[in-house]
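Please look at the sequence and the structure while I talk.

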Amino acid sequence: MNILIAARLAFSRIIATKTRSGLTMLGIIIGVMSLIALVSVAQGATSGIQDQFKGLGARNLNITGTTNQSLTTDDVKEIEKLSGIEIVTETVSGRVTLSSNEASTKAQIIGVDQNYKTVVDPDIFVGSFLPDVTNASDARLIVLSTTLATDLKLDAYSIGSSIAVGSTEFTIVGILDDADGFGTRGTAYIPLETAFKYVAVPPYLSSITVQTTSEEIVPEVTTNLTALLKARHNITGEREADFVITDASQLLDAIGTVQQFLSLLLGGIASISLVVGGIGIMNIMLVSVRERTREIGIRRAIGAQQSQILTQFLIEAIVLSLVGGIIGVIIGEVVAYFLAQLGQWNFALSPTMILASLGFSMFVGVVFGVWPARTASKLKPVEALRFE
Amino acid sequence: MSTVVEMLNVTKTFGEGSSIVKALDGVDIRIEKGEFVAIVGASGSGKSTMMNLIGCLDRPTAGLVKVAGEDLSELNDKKLTSLRNLAIGFVFQSFFLLPKTDALDNVATPLFYRGVPAKEARKKAMEMLTKLGMADRHTHQSTQLSGGQQQRVAIARALVTEPSLILADEPTGALDSNTGKQVMDLFEGLNREGITIVLITHDLDIAKRAKRRITLKDGKIINDERDVA
């Protein structure tokens, strides 16, 4: 008997016993659904973060001081002389109270130079980012994150109005789009020179970001930077450096690991319900074999080989689990879509995940279908025919 | 004439030790091609065991059983199953049509198991249903057919494989006398076409329609009579 006929038989049998088949499949449906939904949560939540780091650029190297007085503006001048460096941007930061007419809040103020916009490319919600103020002595301009603007009870029409940074009046030039900027929540940006006046002590910097001319030379530049800064900071031998250099790849790797771990953890939990679903199928198939003993006897009498009976029951179990798997994938993706809306990450259909889920549910069908199918095929025709 | 069934000193026992039961006890028969034989006996006479042996559903404890030239004792389950598929056309008392399956596929199923392509198998099945006057019911499932109609479908299923013999176990037992008579007419007609028929029954009136009657009692043949042509 060819597989097609066995599959057709299995389908018509499943349709003929709709309620029972539906209930049998429920375990697999729920298993696959949770597998798809949970793994998509793990991937969606982390890929959002990953995208934001990618936004920082694979060519970027970030140097942070481990103390308040590790990095200086003189370091930057020397770094700019290294080869393979496209552009350097420096930042300082401090915590200050911001006050509008209606509210006030503590905020992280970051002073940035004119290169910052090129290197980091922040997303603007309304207005513009800080203009080039290199030659202005006291440019009291500020860009707020949306979160901050909301905390201060400001809106899109607040561009051009002023708020107090500590006790000094600043003019708002732009509001950032928080949704896309990692670490920008609760942050405000002002020009570097201005920052040195109001929130930080020159010449100390909190971070330096270097953009290399190409992605390939990132490791080389990292080595050179480390050597340069160690020499400048008089760090020799085993002494620990007072700065940390990170590039996007390290962060991406770290997030990738978290993502894998989360996917495995959540996927593992969901797989347990798939196995439980498989046991449900086995249970029903065993009952079905018993109920259909006489049918098996008839089939054996008219010439069905043991292998053909085995195939028939195995296909039935596989069809049950596979149809359950397909329904589970559909529901799971719908759930994943709504979770993505809720969590504000990108929803993406993962063909690998879908195929893996279907493959796994089919595997469950085979594993838990074999025993009932073997039981069916081993029935003695004479006894099976006599079975009432 | 070629021999379809041959039994030599066949014994079949069930159980062990003190509870041993001899269902057949030294039976010898030969059934030739084209015969119409009724195997008659009360319940417990051994006729079901006889049917199982002729039908290649079981093997003898001792003695020789040859069906279509094959010694059953030498065949494994796979070969025995193939022999059933090739040589035997079963007709059962309760029809035993496959559930959830239409008449056409019921008839085609033995060919499916033989590996005949579905299209060809259904074509042959349709021809057989047409021959038995059931063509217009080919899409019906067994629950939608009367007893007589079900038995016709079952006979079509038995004939479709062009077997060496039709083995009918109380084929009229579940039918009213009129329908039962029609089924027997059908068997007579088929036998006239040269088809070998072995009928298992306890009903002497039915047995009278056969051309030869083998009577069993307590596992032994007590009578073997043929109509004189």
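Predicted model: local features only at pLDDT ≥ 70, side-chain atom pairs only at ≥ 80, totals over all residues.

Strand β3 of chain A, residues 85-99, runs antiparallel to strand β11 of chain A, residues 207-212, and six bridges join the two; strands here are DSSP runs of E with at least two residues, helices are runs of H or I with at least four residues, and both are numbered from the N terminus, while two strands count as paired if DSSP finds at least two bridges between them. Within that pairing, A:E90 stands opposite A:I208 in β11(A).

Residues are numbered from 1 along each chain as its sequence is written, and chains are lettered from A and ligands numbered from 1 in the order in which they are written.

Which other strands does β3(A) pair with? One is strand β4 of chain A, residues 104-112, which pairs with β3(A) in the antiparallel sense over nine bridges, and the two form a hairpin with four residues between them. Another is strand β7 of chain A, residues 162-165, which runs antiparallel to β3(A) and is joined to it by two bridges.

Stepping back to the whole chain, chain A has twelve helices and twelve strands.
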